[in-house]
Amino acid sequence: MGATAVIGLQWGDEGKGRIVDLLAQRCDGVVRYNGGPNAGHTLVVDSEVFKLHLIPSGILYNDKFNIIGNGVIVDPGTLIEEIDGLKERNFFNGRLFISDRSPLLFPYHRLMDELEESIRGNFSLGTTKRGVGPGYTDEINRSGLRMIDLISDDFEEKLRMVWSLKIKLCPALDGKLDIEDVIRTYREYSIILKPYVTDTVMLLHRLLSEDMDLLFEGAQGFLLDVNFGTYPYVSSSESSISGIFSGSGISPKQLRKVYGVAKSYMTRVGSGPFPTELKGSSGEYLREKGKEYGTTTGRPRRCGWLDGVATRFSCQINGIDGIYLTKLDVLGGLEEVNICVGYIYEGERLDYFPASSEILSRCEPIYERLPGWKMDSRELPKNAIAFIKFVEDFLDTKVLGVSIGPERDSFIDLC
Ligand code: IMP
């Protein structure tokens, strides 16, 4: 296998965690390369539920490498909480490696996230308020600190410099937090995390040269990608295939396969256009049946029909070799199931995903209506098979497997 990627094709929460968990069985390690504590991966093992934000899903196996690449923005407090939580439940395998190049989040990033959201008012993005946007902005602006800084002797001096910069440029932050407190807390974090910090680029290249199989686990979904997503209603990292290279340091030539994960319907948390959104009781039905509440924030997710146009765009840009379709069971019991196959914008048909969020928000979906099915066993009903076939043809991508429940064994392999 070498390097294999799993990418979410929609607005996140496609169920990547469970597909990674499944594929991880055949791998030597799992790598995260983008996002940060805004991400939430839910996994169910032997009826035990695990919610991971920063630690790769391979941690639940006792022999896998778990690598947090340089593209992941790390909130050290959240990471330590996650390590402790897994240790308490005897699910921490100790094989955790954090990139020395990973950018760090500080409490002022959360404050800035909240401040920016409140100033935006009606234009707010609906962020997770974990400080991810301001944190990545600092990195690009070269006023961020990295994991290597945290474990170095001059950390305090660098943080004081950055803080003085912050309060000069953003006076609203002044008096909002005690920097001495932050320094003390981060010194403690540094002692706890130091044993896990390493040059993960070297590690990844070594593992791949030893013929190890590594799974690259994307966070968020392609439609939240900062370059190609529904800008500005996106997250601040690259959730596309290119994020793998900039966020881990492997080369495109080392990536063998790219698998996509799509939910059988669409969900979205936060603001932004969503042409197939169902606002009434149908949306409520999907939300309740699919338990569509954010893993990180608990917010109810907006729900709607599968948007074939948006999902096809994701397949094209990411060079998807095959997809996993999740939560097929949630659609079971409906009379009819819809898939969006085009949009109507100002009376004209659009067959592509427009760059402008304003245009997308005014698009009316064109639906293909398919008969529904009842799902009461592991056997796929005829109409469910027809739905899968339609998706395959429309996306021009093979459906490799479908999930029909949250447990590890509620999965049907179609390869
Ligand atoms: P941020 O990443 O917290 O800045 O939020 C920006 C947008 O991305 C908001 O609409 C969030 O709801 C969304 N978002 C961020 N992370 C995730 C995720 O893991 N799943 C789903 N949506 C996410």
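**Entry 1: the domains.** I began with the domain assignment of the protein chain, which gives domain 1 as 3-102 + 196-259, domain 2 as 107-193 and domain 3 as 262-413. I note here that I am working with a predicted model. I then looked up the C-alpha centres of domain 2 and domain 3, and found that they lie 37 Å apart.

**Entry 2: where domain 2 meets domain 3.** I turned to the contacts between these two parts and found that 6 residues of domain 2 are in contact with 5 residues of domain 3. The area buried between domain 2 and domain 3 is about 380 Å², and carbon and sulfur atoms give 41% of that area. I also asked myself which three residues supply more than any others of the area that domain 2 buries against domain 3. They are Gly-126, Thr-128 and Arg-130, which supply 71% of the area on the domain 2 side.

Entry 3: I looked for salt bridges between domain 2 and domain 3, and the count is 0, whereas the count of residue pairs in polar contact is 4. Sorting by class the side of domain 2 that touches domain 3, I have 1 nonpolar, 4 polar and 1 charged residues.

**Entry 4: the ligand.** I next went through the 16 residues around the ligand, of which Asn-38, Thr-128, Ser-235, Val-269 and Arg-299 come nearest. By class, this shell has 6 nonpolar, 8 polar and 2 charged residues.

Entry 5: For Thr-128, which I had already noted among the residues that domain 2 buries against domain 3, I found a polar side-chain atom 2.6 Å from an oxygen atom of the ligand. In the side chain of Arg-299, an N or O atom is 3.0 Å from an oxygen atom of the ligand, and in the side chain of Asp-13 an N or O atom is 3.3 Å from a nitrogen atom of the ligand.

Terms used. Residues numbered from 1 in each chain as written. Predicted model: local features only at pLDDT ≥ 70, side-chain atom pairs only at ≥ 80, totals over all residues. Heavy atoms only, no water. Near = heavy atom within 4 Å. Polar contact = N/O pair within 3.5 Å; in protein donor to acceptor, adjacent residues only side chain to side chain. Nonpolar A, V, L, I, M, F, W, Y, C, P; charged D, E, K, R; others polar. Domains from an automatic or database assignment. Contact = heavy atoms within 4.5 Å. Buried area = accessible area lost by both parts, 1.4 Å probe. Salt bridge = Lys/Arg side-chain N within 4 Å of Asp/Glu carboxyl O.
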